[in-house]
Amino acid sequence: MTTTAATANPDTHTGITNAKLGVWLFLCSEVMLFATLFTTYIVLRLSATTWPWGWDALNVPLGTLNTAILITSSVTIVMAYARAYDKDLKGFRFWMAATLFLSFAFLVVKGFEYHGEFSKGIWPSTSVFYATYFTLTGLHACHIIGGIIVNSTLLRMSYKKECWEHPLFLGRVEGAGLYWHFVDIVWIFLFPALYLI
Amino acid sequence: MSKASNAEHDAHRPNVKAFMIVFGALLCLTLLTTAVSRMHLEHAAAISVGLLIAVVKASLVAAVFMHLWGEDRLIHRILYAVAFFAVFLVSLPLMDAHLLTPLKTDRAPVASQHPDEGK
Amino acid sequence: MSDAHGAHAHGPTSFWRKYVFSTDHKVIGLQYMITAMVFLMIGFCLMLLMRWQLAWPGAPIPFFGRLFPADLAPNGVMSGEFYNQLGAMHGTIMVFLGIVPFAVGGYGNYVLPLQIGAPDMAFPRLNMASYWLFLVGGVVMLSSFLMPGGAAQSGWTSYPPLAVINPGQTVWLLSMVVIITSSLLGAINFLVTAANMRAPGMTLWRMPVFCWSELVASVLLLLAFPPLEAAAVLELMDRVFHTSFYMPAGLFVLGHPIHVSGGGQPLLWEHLFWFLAHPEVYVLVLPPMGIVAEIIANNTRKPLHGYKTIVWSMIAIGVMSFIVWAHHMFISGMSPALSNFFLVTTMIISVPSVAILTCLIFSLKGGSIRFTTPMLYALAFLPLFGIGGLTGLPLGLTVTDIYLHDTYYVIGHFHFVVVTGSILALLGGTYHWFPKWFGRKMNDTLGKIHFWGSVICMIGVFAPMFPMGLAGASRRLYDPTAQVHNLVVQPLNVVSTVFAYGLFLFQLPFIWNFFHSMFRGEKAEENPWQATTLEWACPSPPPHGNFEKTPHVRRGPYEYSAPGRKTDYWPQGDPA
């Protein structure tokens with residue numbers, strides 16, 4: 001429909017599909033959400049009397065591993081999009097499954113990290129630093145779970161033949177990819193902010 | 001999609017080679033930023049290096065994976081607008097909490113000036 | 001988009017799909033509107049209880065007093081805790097569950113796609129999700145009265161540390177997160193619809209003012225709500241997991257120290273809250289302005305004065321509204337240097353608001369005005385909203401705000417803006433678009449009774465608050481007679497309360513009129529007001545998919561009394 005609209009009335013049409021524009025607008029709101037969280041982080045950190053160095057307070061090797069996992073998942077989902085673009089069914093399913101596997105791996109590693117802290121008696125209420133750490137990484141993990149739901153839905157849909165004839169399917173894969181990359185970018189900032197500096 | 005638009009469509013064709021280069025760069029930068037952090041540089045230097053590397057990594061992801069490079073101008077404009085508002089969201093509370101703190105009214109002179117205070 | 005077409009082709013069949021779990025923007029719009037009206041009524045009733053306590057402090061509430069549990073109202077006398085709950089919930093319900101869903105979810109959903117000539121919203125299923133999230137959030141919010149510890153007690157602004165100590169706040173925060181998510185989905189939907197789904201020829205500069213107002217309001221919803229969502233999550237962490245985002249160390253409650261790690265910043269919440277809540281004010285005000293513009297253009301039978309000025313002013317308001325928020329915080333202990341910045345931006349943002357109002361007033365000049373019921377509302381909006389706006393100026397200046405802050409003057413100011421402004425316009429819009437919604441007109445006599453009664457009572461409720469505030473009466477007092485300096489103005493509280501009950505009585509003809517006319521009202525044809533915009537070019541009520549044939553727009557939205565034409569209106573979609 002969007003393509004026919006593009007030919008029918010170019011003067012009232014942006015040329016960007018509804019799904020893509022919608023995802024970008026959603027990401028805009030997400031930018032504001034995480035901007036708020038980073039504001040909180042900066043304000044609290046500057047007003048804190050002490051702020052621990054990440055290597056003393058957190059498990060940096062696990063954090064680095066998670067960064068690598070998330071970066072890799074960003075590549076796999078963009079590969080899934082590239083395969084879907086060429087209407088390569090099997091390739092799409094392989095890369096999408098890989099993405100899902102990596103996102104679960106991320107959550108498992110995160111679980112180990114949290115477990116390590118809890119077993120040391122560290123909770124969000126321990127200090128402002130840990131409150132920030134648990135809340136920010138927790139909200140990020142919620143976004144990962146959201147991405148898993150979207151990606152697994154797409155993977156399930158791809159087993160139906162007609163989805164490949166559906167003009168919007170590729171757009172949905174693209175939108176899911178955009179969201180996933182955004183979640184990756186958030187982690188790219190969270191990682192140094194909490195673990196490294 | 002009709003055949004006529006195929007040529008235009010190919011400009012958006014996913015560039016797998018670029019993805020792989022960016023992937024390598026991202027992994028290297030991750031190791032680099034962790035290594036630099038391990039050195040436990042002085043505060044300002046550590047923050048600037050960490051932030052710089054994060055910005056480079058995020059830009060790579062946004063430009064190549066999210067294909068913002070060569071994206072429609074409308075989306076660029078939307079993002080500029082959001083950046084504009086986000087700058088205020090971050091900077092003004094920060095200015096209130098810290099940057100302008102020395103300008104906050106000092107209690108002592110107020111107490112001495114006001115007849116009811118300091119009695 | 002394809003969803004809209006798929007549904008159009010098959011047509012919804014079962015009752016549930018057609019009227020309850022519908023993806024049709026018109027059904028969702030009406031669902032939003034009716035739900036919001038119910039919430040407005042509930043919020044209003046909470047206030048009626050509070051007004052009793054304010055006028056006759058310590059007197060048992062007649063009839064209803066005995067219905068409340070003894071810990072809330074012992075012997076029918078309202079307790080302080082109950083008063084605080086009612087106050088917090090009144091504000092929250094009116095703003096987040098009443099006016100915003102009414103103006104954006106309701107009118108935006110119903111009217112915007114019709115006015116731009118679209119068959120439906122861009123994401124019909126997302127639209128449905130947005131409504132049901134809103135309903136769930138609203139019901140959760142109301143249910144907090146039944147929770148142990150009662151509803152939220154720290155105002156609609158939920159300032160920490162008070163809010164973190166208060167048990168009712170947990171439900172409040174949870175429900176806010178749900179409501180914000182709902183309006184976020186709605187905002188994305190409106191923006192994509194307006195960007196991509198306009199009919200051929202409907203260029204941006206041919207969109208009616210109402211569409212522009214919804215567009216700007218959606219941008220505000222999209223970018224201003226997420227900060228509150230994040231801030232609410234942080235406050236929730238403070239409440240549930242005892243973190244210290246907003247909690248400084250060394251707090252005592254009732255003589256006992258609170259065991260938190262400390263190190264938090266209460267002021268940060270105020271910044272984040274008002275970063276949302278000031279744009280929010282314009283979400284409350286812009287769509288009603290758009291409605292008034294539509295009604296005025298239609299009933300003066302002449303083009304709107306300064307269409308482009310109005311639109312650019314709305315955009316300017318939208319941009320500026322993000323950088324004025326801290327004028328709510330002048331006496332919070334914020335940096336005075338920063339106060340100056342916000343003082344200046346606040347004075348600047350009043351300019352486009354005045355420009356819009358001036359354009360609307362100039363639109364009346366030389367028009368052959370039809371005093372229909374909706375027009376009465378639009379005409380009353382102009383001066384009364386003006387009073388609301390002008391009384392805000394002293395609050396935007398630090399010097400005067402230090403005296404007026406937290407007095408009844410503030411309450412008078414923003415109720416003039418939101419009640420005699422927004423709500424009046426929303427009611428007027430109901431009379432204006434009712435024929436489109438149901439194919440029947442509302443009764444004119446009852447409408448006029450409703451109008452005159454409501455306007456007089458609204459003024460009677462809120463005007464006394466200005467002298468009360470100037471006399472120094474605090475807005476938060478449960479018993480105003482507890483402070484001697486309030487005794488002088490206490491009779492004004494009685495006046496205000498009596499008018500509030502009158503306002504309630506005058507809503508009854510409206511409710512009867514609304515539901516009676518829905519089934520028995522005088523039949524209305526496609527275009528009963530001889531209007532030009534596209535929503536009047538489809539049948540009343542519009543069928544699923546709206547337009548039988550995609551309209552082609554050939555001219556601007558307000559071509560009234562064009563020279564050389566037989567009729568005094570020239571619909572946007574008319575072939576030349």
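This is a predicted model: local features need pLDDT of at least 70, side-chain atom pairs count only at pLDDT 80 or more; totals for chains, interfaces and linings use all residues.
1. Make-up of chain C. The secondary structure of this chain consists of 18 helices and two strands.

2. Burial and contacts within chain C. Of its 576 residues, 63% count as buried. If one takes the contacts in chain C between residues at least 6 apart in sequence, 79% of them join residues at least 24 apart.

3. Surface and charge of chain C. The chain exposes about 20,300 Å², and 71% of that area is supplied by carbon and sulfur atoms. Chain C carries 27 positive and 24 negative side chains. The centres of these two sets are 11 Å apart.

4. Interface of chain C with chain B. The size of an interface is often given as the accessible area lost when the parts come together. Between chain C and chain B, about 1,400 Å² is buried, and carbon and sulfur atoms give 84% of it. On the chain C side, the residues that lose the most area to chain B are Leu223(C), Ser335(C) and Leu338(C), which together account for 27% of what that side buries. In terms of contacts, 19 residues of chain C meet 13 residues of chain B.

5. Leu37(A). This residue is found in helix 2 of chain A, which covers residues 18-47. Leu37(A) has a relative accessible area of 1%, under the 20% cut-off, and is therefore buried. Leaving out residues up to four places away in sequence, Leu37(A) touches Leu136(A) and Leu139(A) in chain A, and Ala230(C) and Leu234(C) in chain C. The C-alpha atoms of Leu37(A) and Thr135(A) are separated by 9.1 Å, although the two residues are 98 apart along the chain.

6. Ser29(A). Helix 2 of chain A also holds Ser29(A). At 1% relative accessibility, Ser29(A) falls under the 20% limit and so counts as buried. Neighbours within four places in sequence aside, Ser29(A) is in contact with Leu184(C), Leu222(C) and Pro226(C).

Definitions and conventions
Residues are numbered from 1 along each chain as its sequence is written. Chains are lettered from A and ligands numbered from 1 in the order in which they are written. Side-chain values use heavy atoms; hydrogens and water are left out. Helices (H or I, at least four residues) and strands (E, at least two) are DSSP runs, numbered from the N terminus. Buried means under 20% relative accessible area, exposed over 50%, partly exposed in between (1.4 Å probe, protein chains only). Contact means heavy atoms within 4.5 Å. Accessible areas come from the Shrake-Rupley method with a 1.4 Å probe; for residues, only the protein chains shown count as cover. Lys and Arg count as positive and Asp and Glu as negative; His and the chain ends are not counted. The place of a charge is taken as NZ of Lys, CZ of Arg, CG of Asp or CD of Glu. Buried area is the accessible area (1.4 Å probe) that two parts lose on being put together, summed over both.
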